[in-house]
Amino acid sequence: MDNHILNPMFIPRHVAIIMDGNGRWAKKINKERFFGHNSGIKSVRESIDICLELGVKQLTLYAFSSENWSRPKKEVSSLMNLLSSSVEKEIPRLIENNIKLEIIGNTSKLPEITRNKLLDGVTETCQNDGLILSLAISYGARQEMIRATKLISEKVKKNIISVENIDENIINEHLYTRNLKNVDLLIRTGGELRLSNFLLWQISYAELCFQDVLWPDFKKEHFLNAIIDYQGRTRRFGKIK
Ligand code: IPE
Ligand code: IPE
Ligand code: MG
């Protein structure tokens, strides 16, 4: 990949990242898993900076899945604290950089204090019209689809939507990601080759990039390599070139 250079004219509009490998990173240096999560924050900052630099319009980060609730209580509560305190700390920087924060997922399951801090970040940045930073927290794609189905069914029952009119747009409008475009590039760090219930609808035609690097080691160069990789793909969308 070294002999390719990045083409600034062909930047993915929406990048999504499965930030995986924090626990293994910590284990390698004989630390608690939490140390890995904490160390992953700087990779988040770095990713945001590159998006601002390159003009990526939407960045969606998988921070905590519906299934992650099944982890030990201690890990879950430390993650909740880390997520809300990091958002709280970053608000001035988000405002300074015109970043609009969104939270996607079932926030009703979050501890109230976590939810309130996250929602404060959303409120304080809601007027910004630059990069949309979506944090997927308590998020699962299947749960998102069930929720959308229920919302649409209610509207059908009340004659707000007719069954004949249900199409991709209607479904999009009832997803957590209704303000976002389809994902162009999905990156997963940590070496696993799976999607773990992330954005299944939105990635139908995304280019997938799996990297072995553990999330706390994810740096600008890894992000750029993913974009160069993306730029080398031919997106056909079912057509012939
Ligand atoms: C990703 O890292 C962060 C979350 C899922 C919250 P992991 O905690 O899954 O780290 P590994 O995969 O065990 O190394
Ligand atoms: C996916 O990672 C969820 C996040 C990165 C937040 P996991 O570590 O939870 O996924 P699995 O268990 O390896 O599929
Ligand atoms: Mg993992």
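**View 1. The largest pocket of the predicted model holds about 800 Å³ of space**. A pocket here is an open set of points on a 1 Å grid over the protein atoms alone, where a 1.4 Å probe fits, with protein on both sides within 12 Å along at least five of seven lines. The volume is the space filled by probe spheres set on the points, which are joined across faces, edges and corners. Residues are numbered from 1 along each chain as its sequence is written, and ligands are numbered from 1 in the order in which they are written. In this predicted model, totals for linings use all residues, whereas local features need pLDDT of at least 70 and side-chain atom pairs pLDDT 80 or more; side-chain values use heavy atoms, without hydrogens and water.

**View 2. The lining of the largest pocket comprises 37 residues**. Lining residues have an atom within 4 Å of a grid point. Met 19, Asn 22, Tyr 62, Ala 63 and Phe 64 lie nearest the pocket centre. The helix α3 (73-96) provides the largest share of the lining, eight residues.

**View 3. Ligand 1 takes up the space of the largest pocket**. More than half of the atoms of a molecule so placed lie within 2 Å of the grid points. The surrounding residues, with a heavy atom within 4 Å, include Asp 20, Arg 33, His 37 and Leu 79. Three residues of this shell come from α1, which gives the most.

**View 4. Polar contacts of ligand 1 involve Gly 23 and Arg 71**. Such a contact is a pair of N or O atoms within 3.5 Å. A polar side-chain atom of Arg 71 lies 2.7 Å from a ligand oxygen atom, and a backbone N or O atom of Gly 23 lies 2.9 Å from one.

How values were computed. Polar contact = N/O pair within 3.5 Å; in protein donor to acceptor, adjacent residues only side chain to side chain. Helix = DSSP H or I, 4+ residues; strand = E, 2+ residues; numbered from the N terminus.
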